Amino acid sequence: MEFTKTNNGFVKYDENGRVIAEITYATTNDPNVVVADHTFVDSSLRGQGVAGKLLDALVEDMNEQNKKIKASCSYIVKKFQEDSSFDFINADK
């Protein structure tokens, strides 16, 4: 699944231009840290691992920019707690 990079995250549009999946982040006072603050997946895509793919896209992008991610979105907080491979990018560690 391909996502479109935006100024503050990644998004997937349907054929009518409607947002059907997205992950967003906000900058912080620390230029090396962003806050992942929102994840949304339309019900038509649920159960397909789309939220995880969005998170993977964000992690890859922030890794390329040498930035850490602080999670404020409940989904991302849970994923960071469940998967120790996220430790290197979690600004809370």
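**Entry 1: salt bridges.** I counted four salt bridges, taking a salt bridge as a side-chain nitrogen of Lys or Arg within 4 Å of a carboxyl oxygen of Asp or Glu. I kept in mind that this is a predicted model, where local features need pLDDT of at least 70, side-chain atom pairs count only at pLDDT 80 or more, and totals for chains, interfaces and linings use all residues. Residues are numbered from 1 along each chain as its sequence is written, and side-chain values use heavy atoms, with hydrogens and water left out.

**Entry 2: D61 and K5.** I found a salt bridge between the side chains of D61 and K5, at 2.9 Å from N to O. D61 lies in helix α1 and K5 in strand β1, so this pair ties together parts that are 56 residues apart in sequence. My helices (H or I, at least four residues) and strands (E, at least two) are DSSP runs, numbered from the N terminus. Is D61 buried or exposed? D61 is buried, with a relative accessible area of 8%, while K5 is partly exposed at 46%. Here buried means under 20% relative accessible area, exposed over 50%, and partly exposed in between (1.4 Å probe, protein chains only).

Entry 3: Next I looked at R18, which is partly exposed at 44% relative accessibility. D14 forms a salt bridge with R18, with the closest N and O atoms 3.2 Å apart. D42 forms one with R18 too, at 3.3 Å between the closest N and O atoms. Shared partners join D14, R18 and D42 into one network. I noted that D14 is buried at 16% and D42 is buried at 12%.

**Entry 4: strands.** I saw that β1 (residues 4–6) and β2 (residues 9–13) run antiparallel, joined by three bridges; strands pair if DSSP finds at least two bridges between them. T4 stands opposite V11 in β2. β2 also pairs with β3, antiparallel, over five bridges, and Y13 has V19 in β3 as its bridge partner.

**Entry 5: the core.** Which residues touch the most other members of the largest nonpolar core? They are L54, L58, I69 and I76, out of 24 residues. Such a core is a set of buried Ala, Val, Leu, Ile, Met, Phe, Trp, Tyr and Cys residues joined through side-chain atoms within 4.5 Å. α1 gives the most to this core, with eight residues.
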